[in-house]
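Subject: Structure handover, with notes on charged residues

Hi,

Here is the structure I promised to pass on to you.

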Amino acid sequence: MSIGVCYFPEHWPREQWETDVRQMADAGIEYVRVAEFSWRVLEPARGEFDFEWLDEIVALIGENGMQAVLCTPTAAPPRWLVEERPEIRQRDRDGTVRDVGSRRHYCFNSAAYREETERIVRAMAGRYADDPRVVGWQTDNEYGCHGTTRCYCDDCAAAFRDWVREEYGTVDALNEAWGTTFWSQQYDDLEQVDVPRPTPAQDHPSMMLDFARFSSDSVVEYNRLQADLLREANDEWFVTHNFMNLFESVDTYDFDGDLDLISWDSYPTGHVQQAGGETTTDELRAGNPDLLSFNHDLYRSVLDRPFWVMEQQPGDVNWPPHSTQPAEGAMRLWAHHATAHGADAVVYFRWRRCLEGQEQYHAGLRKQDGSPDRGYRDATRAAEELFDVDDVDAPVALLHDYENAWALGEQSHAPDFDYWQLLQSFYAALRARGVQVDIVHPESDLDSYDAVVAPTLHLVTESLADQLTAYVESGGELLLGPRTGVKDESNKLRPEPQPGPLSDLVGARIDQHETLPAQFDPAVVRPDETDTDYAFRTWAEWLDADAAEPVLEYAGDDIEAGRTAAVRNAVGDGRVVYCGVWPEAELATELVGSLLDRAGVRRAEPLPEGVRVACRDGHTWVMNFRSEPVAVTVEEETSWRLGGSEIDPFDVAIAETDVVDGLSARILT
């Protein structure tokens, strides 16, 4: 387990470099990420490469006992390149050109830009192919950031037509798959296929789903170009890319085979402000631990191996609505939190606060004058405390799929229906019991999991239904959430009632559904415990039970009162629960707790909000994201590698044994 930092030597006088790099080594840093966004410095004019400055930095890194992670500089093509080849630029849906002046202004499908990419990557890879101080590469930077996954230029239109032709073969097959008879949208020829353009009303949902697939495929193909070039130069390098918080428009699963490890950029006090809903003061100081760990678990699970945090927030940051200062110790806490969820390296962004450009209000580990900032103290302490551990072993899988997110986003059917928030509702209930979770694609092999949670499987194929049925029949415990089995893979309603091909497994069918605005106060009850209400929100389905047993019904005296809201069905050696509502926290806790009971999964007592535990390789991290101290009680004698049973605000303790079973925590006031 290692600590790293991102460094931009081109922003600082050359005489400062040696001091900076030496201080990095003194802080316990092992990896230094460099050369990101540096194309203009590396190539001031076409064919006139200047590697001397980068050679010097790589040498200094090696001399101080650290290793360099280089970045391909393609996220920011220089002005001279844009002037020479203006066709590389993206276009918005309304035709507006995205010009030079910030970053990410290139089109993934531009043949011209792919030529230029190959040229600069070959030059860099060839230069450092035999340099032992370079251990790996990050391709580009944050693919799709700033809404740049989907481009609407002529190159993308031509590429989308080719993609559709490859996918469907004939115009008749396309019309059938998309269902274009609606509003007289039939295509007469595949040459008529275009990228989405401004229209008076809603877009066709099947076309938009395929355009989302195509756009993601374009990013994957562009990344593959870079990864192949790097491996051609040195197949011992690792190749990674830094993804983002709950980032939807790029299907990360499709990078399997092209990347050696996944990395992502963690900014807890900023990301919590993007999550929707109310934000607590503690969250503005340290973030939401469940939102953080959801990203950790997703990016660990994509390749089923440890991940990196390639950019870790070092202090205040420039881009969220409010730039709060992290709590004392929070930047150390985040490093431990990432480690507990499977990180092998945490790389702080950046070394020094920059004097120029768009990120002047983004902190570094050191201030602009080079003196230590608050994050420096946290990072150096984390570097001293972290230790090597093996992989995470998770007993529960949560099913997640980008295509479901795209389809639901196109027809959300309610302004507050958000795919990621629905997943968080179920995920947070699992984490509140200290259960480690793999976040996996629905088509993954599920046999090794004691329990599987599928918050929503909007698009369901016959093969997926067969796979889930086989999992349950063999003894698996499955929890399904609302809006499951609604559509086919083309984003069309299935001809049979919801949950479609999962109906026999669920043992029930959906009679009606509704979306509920905020003025409703909906609740469900257990049929045999009608005096205990469980709140839900946004989405409600009325189920007609067949073979299944009703386990929740709607409370109150409105039109849905007494109708079935959730069912449980025994199939083979296992059981499946279908919940037709979006659960609030108490109901999610009940659903998940019951699932874990049936599956025999070891777990903690329900933990206070902001207090979380995680197990990795025989160690248990207890992490306090609250501004009050907490006390932890365990059922067995435990030795502590770090800290102890009383944990200060925004602090962490590590037990040298797996103690999650029966662990409890209380707030000290």
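First, a term you will need: a salt bridge is a side-chain nitrogen of Lys or Arg within 4 Å of a carboxyl oxygen of Asp or Glu. Also, this is a predicted model, in which local features need pLDDT of at least 70 and side-chain atom pairs count only at pLDDT 80 or more, while totals for chains, interfaces and linings use all residues. Residues are numbered from 1 along each chain as its sequence is written, and side-chain values use heavy atoms, leaving out hydrogens and water.

So, how many salt bridges does a search of the whole structure find? It finds 50. Here are some to look up.

Arg332 and Glu385 join their side chains in a salt bridge, at 2.8 Å from N to O. Arg332 sits in helix α12 (residues 330-340) and Glu385 in helix α13 (residues 374-385), so this pair ties together parts that are 53 residues apart in sequence. (Helices, H or I with at least four residues, and strands, E with at least two, are DSSP runs numbered from the N terminus.) Are these two residues buried or exposed? Both Arg332 and Glu385 are buried. Buried means under 20% relative accessible area, exposed means over 50%, and partly exposed is in between (1.4 Å probe, protein chains only).

Next, Arg46 and Glu116 form a salt bridge at 3.0 Å, N to O. Arg46 is in the loop between α2 (39-42) and α3 (52-63), and Glu116 is in helix α5 (residues 111-128), so the pair ties together parts 70 residues apart in sequence. Glu116 is buried at 3% relative accessibility, whereas Arg46 is partly exposed at 33%. Both residues also belong to a network of salt bridges that links Glu43, Arg46, Glu84, Arg85, Glu87, Glu115, Glu116 and Arg119.

Then there is Asp258, which forms a salt bridge with Arg224, with the closest N and O atoms 3.1 Å apart. This pair links distant parts of the chain, 34 residues apart: Asp258 is in the loop between β6 (242-243) and β7 (263-266), and Arg224 is in helix α8 (residues 205-233). Asp258 is buried, at 7% relative accessible area, and Arg224 is partly exposed, at 34%.

Have a look at these pairs and send me your questions.

Cheers
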